[in-house]
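Open the model in your viewer and keep the selection panel at hand. This tour goes from one selection to the next.

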Amino acid sequence: MRTLIVLFTRDLRVHDNPALAAACANAERVVPLFVLDPTLGELSPNRSRFLHQSLADLRESLRKRGADLVIRTGEPVAETMKLAGEVQADGIALTQDVSGYARRRERRLAQECDRHRLSLRLFPGTTVVPPGEVRPSGGGGHYKVFSPYYRAWESAKWRDEATTPRKITIPDGLSTGRLPALPRGESPDALDGGESEGQRRLKTWLRHIGPYDELHDDMAADSTSRLSAYLRFGCLSPLAVANAARGHDGAGPAAFVRQLGWRDFYYQVTQAFPKISTKAYRKSGDSEWRTDQDALQHWQDGSTGVPIVDAGMRQLQAEGFMHNRARLITAAFLTKHLGLDWREGVQWFFRWLNDGDVANNSGNWQWVAGTGNDTKPYRRFNPIRQAERFDPDGVYVRRYVPELSSVSGKAVHQPWRLPDTVRAGLDYPGPLESHRDEAVWLRP
Ligand code: FAD
């Protein structure tokens, strides 16, 4: 009787999971496995919580299909091989991934499978189009610029969605292991993880996707999908999400699918440049970054005295999420206004974001810092102009900076312009020492 292990990583779903579907089609017995790697668990309490919720939900779905999720704790390759010995597995199925960590894991797994004469099959599923499947015709390996990538991506033939297994048989007498207690997380208002929750949110989102092109930058409207963390953990299949959106006509769904193209874009960049979190992608990209612990601390705490920046940074801590426009503004503020190293920003976001992942976090940070894939690396964002344009009534700022709730309209974006008597009544800091000069805000 043929037995295959499906090693889940960040493909925590039963729908459109090519590794799971193939294992079910090719073996009588399938062992769904997740290995909790203690070295990763400490990186982000928020994501640990989301992961645990997603695993609990996956286990429930597998149980409904007659199987279970085997949980082990330790070094993933060693634990997988140990289990392979226990269940006398013939092979392992795994969804392919791009980060340096994931690729080292794949390589070690391949070596061990070779040594133990097991098959190892890698499957797509982390992106809509697998990284490397579309390549620039003139050579160069991967796309460095988004627009030509997107054209190729959009017209590429997308794979068919994998069928969801109805019944899965696991070996008898298998010790499945317990999920540890749910970690607390750090953000009180973070979303809950899991495929079921992701599917529910996707369904709701598809009813609201229509005006996405007009509203996605409206910070107060909060009219984006908030599906990013479900995509990050593979609770949702990016391909299935893109197909579902493509099933709706109009500029909104098209703009949304384009954002999924950005996601795939950074995956193929990361596959080609795995050091994306620590090294400038552009050879001459890195500036002389300043060291200023005090300014960094104010930025992290959301107490820079620039309301739109502080609102974004506080949303991050409250929700484990930040609106995309706020991510752009706060990241540009750190790198282009405070002159601090983008790697500090990568790490801070990575600690808090439920959707934090290597490719999208570091790829976007490098884009903003001018060290990455932006074709205009010297672009500057004026935070006040951005605030007035994308939060014209100051609703977003007042939502996250309650000290300014008494200031109405767009005046909230520049509290230093309020009369002294009004300002004196606000428990809100003035701009950082290095940013007192108002001319700074007027630069393009
Ligand atoms: P929607 O607007 O509904 O977009 C749909 C999906 O498209 C998102 O869920 C996401 O998967 C993808 N997407 C949207 N914008 C981008 C983008 N610019 N780049 C890549 N994919 C995108 N996104 C992450 O998923 N993880 C990160 O760690 C991350 N870090 C970021 C750091 C910075 C400095 C910046 C500027 C952006 C970052 N983003 C990251 C991209 C983007 O901000 C989030 O994907 C988006 O805000 C998530 O909200 P949503 O699901 O409502 O997005």
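Start with lysine 144. Select the loop between β5 (119-123) and α6 (146-155), where lysine 144 sits. The model is a predicted one. Is lysine 144 buried, partly exposed or exposed? Its relative accessibility is 45%, so lysine 144 counts as partly exposed; the exposed class begins over 50%.

Together with Lys144 they make up a surface patch of positive charge.

Now turn to the aromatic rings. How many aromatic pairs does a search of the whole structure find? The search gives 21.

Select tryptophan 205 and phenylalanine 256. Their ring centres are 5.6 Å apart and the planes meet at 50 degrees, so this pair is tilted. Tryptophan 205 belongs to helix α7 (residues 195-208) and phenylalanine 256 to helix α11 (residues 251-272), so the contact ties together parts 51 residues apart in sequence. Tryptophan 205 and phenylalanine 256 are both buried.

Tyrosine 212 is buried, as is phenylalanine 256.

Last stop: the aromatic cluster. Select Tyr143, Phe146, Tyr149, Tyr150, Trp153, Trp158, Trp262, Phe265 and Tyr266, which form one cluster.

Terms used:
Residues numbered from 1 in each chain as written. Predicted model: local features only at pLDDT ≥ 70, side-chain atom pairs only at ≥ 80, totals over all residues. Heavy atoms only, no water. Patch = residues over 30% accessible without salt bridge, like charges linked within 9 Å, V, L, I, M, F, W, Y side chains within 5 Å. Areas by Shrake-Rupley, 256 points an atom, 1.4 Å probe, with all protein chains shown as cover. Salt bridge = Lys/Arg side-chain N within 4 Å of Asp/Glu carboxyl O. Lys, Arg positive; Asp, Glu negative; His and termini not counted. Charge placed at Lys NZ, Arg CZ, Asp CG, Glu CD. Helix = DSSP H or I, 4+ residues; strand = E, 2+ residues; numbered from the N terminus. Buried < 20%, exposed > 50% of the residue type's maximum accessible area, 1.4 Å probe, protein only. Phe/Tyr/Trp six-rings, centres within 6.5 Å; stacked < 30°, edge-to-face > 60°.
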